[in-house]
Amino acid sequence: YVGYESKYSRNRNIILEYVSELIENYEKIFDSFKPDIFIPAIAMGDVGLKILEIICMKKNVRYLSLESVRIQNFCTFASNSQLDFKNIEERTEMYLSSKNHQISNEASNLLIKLKQKNNIEYFDLNANIIALKDYKFKNYYLNFFYLLFILFPLKVLYDFIKLIKNILQFNYNNFPFLEFLSRIKSRYKLTLQKIFMSNPKIYHKSKNNEKYIYYPLMSQPEYGINVLGTMWMNQIELIKTIAKSIPYDWYVYVKEHPGTLNDRLRPKNYYKDILAIPNIKFIDIKEDTGKLIEGSKAVFVISGTTGFESILNNKPLFETRRNIWTVMGLSKIINSSENLYLDITKEVERHTSISSNMREFRLLSFIQAVLDTCYDFSHPDVLLYDRSGTVDENKKCGEELGEYLYNFLNKKSRRFN
């Protein structure tokens, strides 16, 4: 997996030994508990997840993964590790194929709200805003000084105090100081990456009326690419492929994911390799994503919120896999790079042939399906481990999750029993 590299990651025998032991231990757990349903931990995305899914298939155990659908506070259960939402897909298809089912005012109002600028209201978007707050100044040199000589030492001091507390409380692993030094090393590298990303000289200026396809980089390791986009994990090669396949007067606009500012370290020379690709423009990480989507000719994603935002903005969307929004028929799955130029040109033509009324109908059918089959949780950020909640918030999450799981298993929806 990209992002999980270590000195052992290319040792075939160690990998096989590790995976074999995982399979054996997981099967023992399943044989002991004999579950009817398996629900993986939130954000669980290593190789063990796929092993667990295969064991579920082998032992006829139902696999349910609790996920946000990235529309306000709505969550539901996916049926496999590839995050297929059969409940949403089947209900959307029902609305698309029948004119007898009425779309609610709630769905219509929600779609209007989602289309308003920067109003998708997905709770996790705040993490990107927080990540950018470390850039306190507009001046590069002031940011350089602040990040390296103020913020970095403060974080080292915090880690050191935490280390001492853990030692005094006998709460530590075998080699606490080695772990501390490793953390400091990672913080230092991340600080240098932040400094590099704050340098205006590495970026290209976005221009009005310039034709481009927008590709938002995904952070790695990340479930959305390491599990959902395994054949496209090398994003630099993917960007090269896109750059070679777009019309001659287009560019590829590439923007880094803000999550890399806090906890995702890119390999050495990663950005230099991107900047060396002809026909691309590397856009400032602080640039407004909504404006980049709005000004684009098309958008290319593996997965993620940007895909749905592109559909809301009426943009041709290319994706490398089937996503939650694919059922609407407003995007194009790219299975191969061989005919990518033709796929791009044909999809742009098809996109223009879809009437505004038909597009609205498909979006409303999808939104209504989400309202029917998903649960509007009070504290999704607590539910999905985005923040630590209070006792009352955790209790509320448990009550709501229990209610929704019961209704989900018994196929009870908000509108139809």
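Mentor: Helix 3 (residues 86–97) packs with helix 14 (residues 356–373) at an angle of about 135°, and their axes lie 8 Å apart. Helix 3 is therefore oblique to helix 14. This is a predicted model: local features need pLDDT of at least 70, side-chain atom pairs count only at pLDDT 80 or more, and totals for chains, interfaces and linings use all residues. Residues are numbered from 1 along each chain as its sequence is written, and side-chain values use heavy atoms, with hydrogens and water left out.

Trainee: How are the helices and axes defined?

Mentor: Helices (H or I, at least four residues) and strands (E, at least two) are DSSP runs, numbered from the N terminus. Axes are lines fitted to C-alpha atoms, for helices over the stretch in contact, and angles run from 0 to 180 degrees between N-to-C directions. Angles under 35 degrees count as roughly parallel, over 145 as roughly antiparallel, 65 to 115 as roughly perpendicular and the rest as oblique.

Trainee: Which residues in helix 3 meet helix 14?

Mentor: Contact means heavy atoms within 4.5 Å. On the helix 3 side, Asn87, Ile88, Arg91, Thr92, Tyr95 and Leu96 take part. Their partners in helix 14 include Phe361, Arg362, Ser365 and Phe366. By class, this contact has 7 nonpolar, 5 polar and 3 charged residues. (Ala, Val, Leu, Ile, Met, Phe, Trp, Tyr, Cys and Pro count as nonpolar, Asp, Glu, Lys and Arg as charged, and the others, Gly among them, as polar.)

Trainee: What should I read off for another pair?

Mentor: Two packed helices are described by the angle between their axes and the distance between the axes. Take helix 6 (residues 140–168) and helix 7 (residues 176–197): the angle is about 165° and the axes are 10 Å apart. That makes helix 6 roughly antiparallel to helix 7. Among the residues in contact are Phe144, Leu148 and Phe152 of helix 6 and Phe177, Phe180 and Ile184 of helix 7. By class, the contact has 16 nonpolar, 1 polar and 5 charged residues.

Trainee: At what angle do helix 9 and helix 13 cross?

Mentor: Helix 9 (residues 235–245) and helix 13 (residues 340–353) cross at roughly 65°, and their axes come within 8 Å. The two are therefore roughly perpendicular to each other. Thr241, Ile242 and Ser245 in helix 9 meet Leu340, Tyr341 and Ile344 in helix 13. That contact has 4 nonpolar, 2 polar and no charged residues.

Trainee: How many helices and strands are in the chain?

Mentor: The chain has 16 helices and 11 strands. Of its 417 residues, 47% count as buried.

Notes
Buried < 20%, exposed > 50% of the residue type's maximum accessible area, 1.4 Å probe, protein only.
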